[in-house]
Amino acid sequence: MDYSDFIGQVQHRLQLGKQGQAVRAIRATLTTLGERLQEGEAKDLAGPLPMEIDWYLLQAESGQRFHFDEFVDRVAERETIDRQKSLFHAQGVMSLVEEVVPEGEFEQIRGQLPEEYDPLFELVGNEEAFD
C-alpha cells in the first residue's frame with residue numbers, strides 16, 4: 001500500500017473531511033506508539049508501512065513507559081482533539097496498520113504492550129466499525 005492509499009483509507013475509516021486530518025491522526029497515533037515501543041519493535045513495525053508514514057515511528061523517542069491513559073492524552077494533544085475522538089482515531093489507524101503489517105510483527109507489538117492497551121486494538125479486524 002502506498003502513501004496516498006494509506007491516507008485515503010484512514011480518511012475513509014475515520015470519516016474525515018480532509019486528508020490533512022487523516023495525516024494528523026496517523027502522525028499522532030504512530031508517533032505516540034513509537035514512543036511507547038522499544039526501538040527495535042518500532043523499526044520492525046515501520047518496515048512494511050509507506051516510507052512517508054514509517055518516519056513517525058522511527059523518529060519517536062522509543063522505550064518510554066507510560067499508561068494507556070497517557071497514550072490517549074498524547075494522541076489527543078498532538079491531534080488537538082478531545083480524548084474520545086483521539087481514541088477512535090488511534091483505533092482506526094491501528095486497524096489499518098494491522099492490515100498492512102505481517103501478522104507476526106503485529107502480534108509482537110501487541111505482546112509488548114500491557115493488557116491496559118487492549119482498547120487500542122478493539123477495532124482491528126472489525127471493518128463494520130467504519131461503515
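This is a predicted model: local features need pLDDT of at least 70, side-chain atom pairs count only at pLDDT 80 or more; totals for chains, interfaces and linings use all residues.
Residues are numbered from 1 along each chain as its sequence is written, and side-chain values use heavy atoms, with hydrogens and water left out.

**Val-10 and its surroundings**

I placed Val-10 in helix H1 (helices are DSSP runs of H or I with at least four residues, strands are runs of E with at least two, and both are numbered from the N terminus). Leaving aside residues up to four places away in sequence, I found that Val-10 touches Ala-22, Ile-26, Val-93 and Leu-96, where contact means heavy atoms within 4.5 Å. Ala-22 is 12 residues from Val-10 along the chain, and their C-alpha atoms are separated by 5.9 Å.

**H1 against H2**

I then turned to helix pairs, since two packed helices are described by the angle between their axes and the distance between the axes. For H1 and H2, I read that the axes come within 9 Å and cross at roughly 95 degrees (axes are lines fitted to C-alpha atoms, for helices over the stretch in contact, and angles run from 0 to 180 degrees between N-to-C directions). That makes H1 roughly perpendicular to H2; angles under 35 degrees count as roughly parallel, over 145 as roughly antiparallel, 65 to 115 as roughly perpendicular and the rest as oblique. On the H1 side I listed Tyr-3, Phe-6, Ile-7, Val-10 and Gln-11, which meet Gln-19, Ala-22, Val-23 and Ile-26 in H2. By class, this contact of H1 with H2 has seven nonpolar, two polar and no charged residues (Ala, Val, Leu, Ile, Met, Phe, Trp, Tyr, Cys and Pro count as nonpolar, Asp, Glu, Lys and Arg as charged, and the others, Gly among them, as polar).

**H1 against H6**

Helix H1 covers residues 3-13 and helix H6 residues 83-100, and I found that their axes come within 10 Å and cross at roughly 135 degrees. That makes H1 oblique to H6. From H1, Phe-6, Gln-9, Val-10 and Arg-13 take part, and among the H6 residues that they meet are Phe-88, Val-93 and Leu-96. I counted the classes here too, and the contact of H1 with H6 has seven nonpolar, three polar and two charged residues.

**Thr-31 and Gln-59**

I looked up Thr-31 in helix H2, residues 19-36, and Thr-31 is buried, with a relative accessible area of 6%. Gln-59, in the loop between helix H4 (51-58) and helix H5 (68-79), is partly exposed at 38%. A polar contact of 3.4 Å joins the side chains of these two residues, Gln-59 and Thr-31 (a pair of N or O atoms within 3.5 Å; within protein, one must be able to donate a hydrogen and the other to accept it, and residues adjacent in sequence count only if both atoms are side-chain atoms).

**Positive phi in two loops**

Gln-15 lies in the loop between H1 and H2, and I noted a positive phi near 55 degrees in this residue, which is other than glycine. Gln-15 counts as exposed at 60% relative accessibility. In the loop between H5 and H6 I found Thr-80, whose phi is positive at about 50 degrees although Thr-80 is not a glycine. Thr-80 is exposed, with a relative accessible area of 67%.

Note on methods. Buried means under 20% relative accessible area, exposed over 50%, partly exposed in between (1.4 Å probe, protein chains only).
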